[in-house]
Amino acid sequence: MKKTPMHFSTQLIHGGESPLIERAVIQPIFQSSTFETIPVADYKDNRYLRLNNTPNHISLGKKLAAIEGAESGLVTGSGMAAITTALLSLVKPGGHVLAQDQLYGGTHGFFVGSFEGLGRQVSFFRADEVGSLEKHLRPNTQVVYTEAVSNPLLRILDHGAVTQFAKKHKLISLIDNTFPSPYNFNPISVGYDVVLHSATKYLNGHTDIVAGAVMGKEAHIDAVLRLLNYLGGCLDTHPCFLLDRGMKTLAVRMRYQNESALALARALEKHPKCAKVIYPGLPSHPDHAKAKEYFKGFGGMLSFEYQGTAEQTDAALARLKLCISAPSLGGVESLVTRPVNTSHSAVSKQELEKLGIRETLVRVSVGLEDTEDLIADFNQALNGG
Ligand SMILES: *Cc1c(COP(=O)(O)O)cnc(C)c1O
């Protein structure tokens, strides 16, 4: 008998869960690094925490796969462990990656600083080149790498065109889906092979752990797991438990954050001290149509340009009473950053200009505070001084 697939919110609660243990409603933390040996056919059937096969890892991997509509999934010690391990296992030595040019700082840094030393090549394409990626192909190209939404300008690629190109040329397509979260976007449904997450952000949602996730076809996840087991980027079982707990509320959190960010974006758009508001849910966003095509909601991230100098921008942010100035995103509390000082501090003035990232640009991760309180906080901070 064919089972009806559970809906997303139900998968978050019950996906991957093993039968109740000692009638406990919540799966206990298996805080044990090793497990009793049973006569096993294969050494890899031994359970050991670094081998990512404790009951906590196994159920979490299944839940992660379920919420991305993937065959298989695994959890890692950080988002960067997920990204670097996936790249090194799926790009063979001598291979080449064709990557989007606007990437998370750590990923970009890994590509330009370490990739070649590890025997792999990378080259970058601009968003407006998605229709003509053939010109970037090399005989050794193996992987295409993108992000679902770029940071901090929240640009959205034509993802369908990327995956069509990958399929045509038999490349493996990888996407970092951290910003929309699986609630708003499931890249596998548009043809991506492997989905990566910094689970530190929306998946966990509570700013209290660092973790990562990789979901995709079984053969790809098996390859990533083999290397992960050697490189050792496992997540300990206590943060596994916290991530599982955090994920259970992803749907209700994202639904609220989608609504709240849209309301804040609309309010900021009317504010005289806001030169520009960047949010994929606003018709003024250059990729609004793509956001509507691909995403269920427009997400909890927005950016705006302050009408003034860099110093005046900092002064306005210092007047915020609810929002904390800190990097990272996706938690229950609202955070603000000025990207030229944080994620893009290593980028040259010229390059920033080319990218269109001004000194007065502010990025906001909208949390779960009351929307009216957030709008009031931004109003008083931007008006003051
Ligand atoms: C934070 C982040 C990462 C890195 O994740 P860590 O959990 O900090 O290692 C990768 N990609 C994106 C888009 C991120 O926001």
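**A close look at a proline**

Reply: Let's start at P28, which sits in the loop between α1 (8-14) and α2 (55-68); helices (H or I, at least four residues) and strands (E, at least two) are DSSP runs, numbered from the N terminus. Keep in mind that this is a predicted model, in which local features need pLDDT of at least 70 and side-chain atom pairs count only at pLDDT 80 or more, while totals for chains, interfaces and linings use all residues. Residues are numbered from 1 along each chain as its sequence is written, and side-chain values use heavy atoms, with hydrogens and water left out.

P28 counts as partly exposed because its relative accessibility is 31%; buried means under 20% relative accessible area, exposed over 50%, and partly exposed in between (1.4 Å probe, protein chains only). Leaving aside residues up to four places away in sequence, P28 touches I21 and N56, where contact means heavy atoms within 4.5 Å. For a sense of distance, P28 and F295 are 267 residues apart in sequence and 35 Å apart in space, C-alpha to C-alpha.

Now set N177 beside this proline. N177 also belongs to a loop, the one between β5 (172-176) and α6 (181-184), but N177 counts as buried because its relative accessibility is 0%. Again leaving out residues up to four places away in sequence, N177 touches E68, A148, P182, F185, P187, V195, L196 and H197.

In α4 (residues 105-113), the buried residues are T107, F110 and F111. They cover an arc of only 95 degrees around the axis, so they lie on the same side of α4; the arc is that of the directions from the helix axis to the C-beta atoms. Their cover includes α3 (79-90), β2 (96-100), β3 (121-125) and β4 (141-147). On the other side of α4, V112 and G113 are exposed.

Finally, step back to the whole chain. The protein chain holds 13 helices and 12 strands, and 54% of its 385 residues count as buried. Among contacts with a separation of 6 or more, 72% join residues 24 or more positions apart. The C-alpha trace spans about 70 × 55 × 40 Å along its principal axes.
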